[in-house]
Structure formats: structure tokens, C-alpha cells
Amino acid sequence: MTDTLTGPRRPAAATLVRAKALPPWSLVVAGALAGGLLGGTYGLVRTPTYTATSYVVAVPGEKSDPVSALGFAQAYGRVATQVAVLGDAQVWAGVPVATLQESVRTATSPDAPMVAVTATSSRADLAADMANAVSRALTRHANHVEKSTHVELQQFARATEPTEPSSASSGVTGLVGASAGGLLGGLALLVRPRRAAADQGRRAVPGPASAADVRGQL
């Protein structure tokens, strides 16, 4: 005589019933909470990023005009991140050329003969130093050929040490994570009924009749 133990199955069955009894929107809430927690944690543990920007301006000489200065400003903005300029800038910044290539970006305006040199770093003081170093090196290279271009490059504004990081705070990353988690929960909610309907359709299809059943019907 064998005994059938049914006791341990009851908690599992009860848990399954409670899981099925949860409202469908609980997936969205769970996804938003999980995403917000992960996003907020990421914002707290990651290294903050600081951004500093310096500006140089192209000034036309006696034998030049503002249009020429604008054109040279566009050209200087493209060559500012080249090795010829960064090779000099690394001496004043105290970092390798590879670091400057990864951390420094330039931008120009189609309306003003100005070049913006922006540097990013995990240190606020280093971000300002790199931006100022590249601006200084670019100005020296441009003024070496001033006699032929008739355009002088001058420093317009030095980069100052930023007081706050430019990277998103933990609150912002938490909101982004909560939005992404809620979206994933909503997508799971949309997919869930389709799977249930497909399973129900597969169960409704009758199986093939056996030979004994066919002979009984004849």
C-alpha cells in the first residue's frame, strides 16, 4: 500500500492561483519599479562627467573681410582635433594625445567666426585644462600662418572649472529606467493574451481517432 503525499502541492497551487489572480496592470507596475530601481542605482554608482568649453574667434585683418574670417573659423574648427594641434595641447593639458582625441570636440557656427572647444572628463579641473590647452594650441597654429591668411585667431573666453557634473543625476536615470521598465511591462501585457489564445486554440483541436474508434462507428 502506498501513500500519496498531497500536502506539499497545496502551497504551490495556492501560489499559482494568487499569481493568476493578480490584475494585468501589475506587470506594468512591476516593470516600472524594477526599471526605476536599476536606473537610480546606475546613476548613483557611475562616475560623474564634467564638461568645460572655451571659445576662440577669427578676426579679419586689413587685407581680409568678415566672410574670409568666417570661412577660416570653419576650417580651424575641423583641424582643432588633429594630431598636429593636439600634440602641442598635450603638453599644457598633461594628458596623452589619445585622451584629447576621445575627450575634446569642436563646434562652429555658420553665422559667427567662432570655434567652441569642449572637453569632458571625470575631473572638473581636467575638463577645463583640456579645453583651454586645445584652444591655446589652435590659436598658436593659426597665428603662425596669419601673414598668408590675413586672419588672426584670438581667445574669446577661457573655459572655467564646472561646479556641477553634466551627466544625468540618479533621479533622472531612475525616471528613465522606470519609463523603460513600464514600457517593457506594457509590451509583455500585450503579448500575454495572444499566447493564452494560441494555447487555447491548440487544446481545442481534436486529436486523430484510433482505429478501434473508427471500427466502432462503422
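Predicted model: local features only at pLDDT ≥ 70, side-chain atom pairs only at ≥ 80, totals over all residues.
**Exercise 1. Find the largest nonpolar core and work out which element supplies the largest share of it.**

Solution. Begin with the core itself: it has 31 residues. Those with the most contacts inside it are Leu100, Val104, Met130, Val134, Leu138 and Leu153. Now assign the core to elements. At least two residues each come from the strands β1 (50-60), β3 (114-121) and β4 (151-157), and also from the helices α3 (66-79), α4 (83-93), α5 (97-103) and α6 (124-144). The largest share belongs to α6, with 10 residues.

Setting aside neighbours within four places in sequence, valine 134 is in contact with Ala80, Val85, Leu86, Ala89, Leu100, Val104 and Val117.

**Exercise 2. Describe how α4 packs on α6: what are the angle and the handedness of the crossing?**

Solution. Two packed helices are described by the angle between their axes and the distance between the axes. Here the axes of α4 and α6 come within 8 Å and cross at roughly 135°. That angle makes α4 oblique to α6. As for handedness, α4 passes α6 in a right-handed crossing.

Now list who meets whom:

- From α4: Ala84, Val85, Leu86, Asp88, Ala89, Trp92 and Ala93.
- From α6: Leu126, Asp129, Met130, Ala133, Val134, Arg136, Ala137, Leu138, Arg140 and His141.

Sorting the residues of this contact by class gives 12 nonpolar, four charged and one polar.

**Exercise 3. Step back to the whole protein chain: how many helices and strands does it have, and in which order do the elements run?**

Solution. Count first: there are nine helices and four strands. Then read from the N terminus on, and the order is α-α-β-α-α-α-β-β-α-α-β-α-α. For burial, 27% of the 218 residues count as buried. To finish, consider contacts between residues at least 6 apart in sequence: 78% of these join residues at least 24 apart.

Definitions and conventions. Residues numbered from 1 in each chain as written. Heavy atoms only, no water. Core = buried A, V, L, I, M, F, W, Y, C linked by side-chain atoms within 4.5 Å. Buried < 20%, exposed > 50% of the residue type's maximum accessible area, 1.4 Å probe, protein only. Contact = heavy atoms within 4.5 Å. Axes fitted to C-alpha atoms, helices over the stretch in contact; angles between N-to-C directions. Parallel < 35°, antiparallel > 145°, perpendicular 65-115°, else oblique. Left-handed = near helix turned anticlockwise from the far one by under 90°. Nonpolar A, V, L, I, M, F, W, Y, C, P; charged D, E, K, R; others polar.
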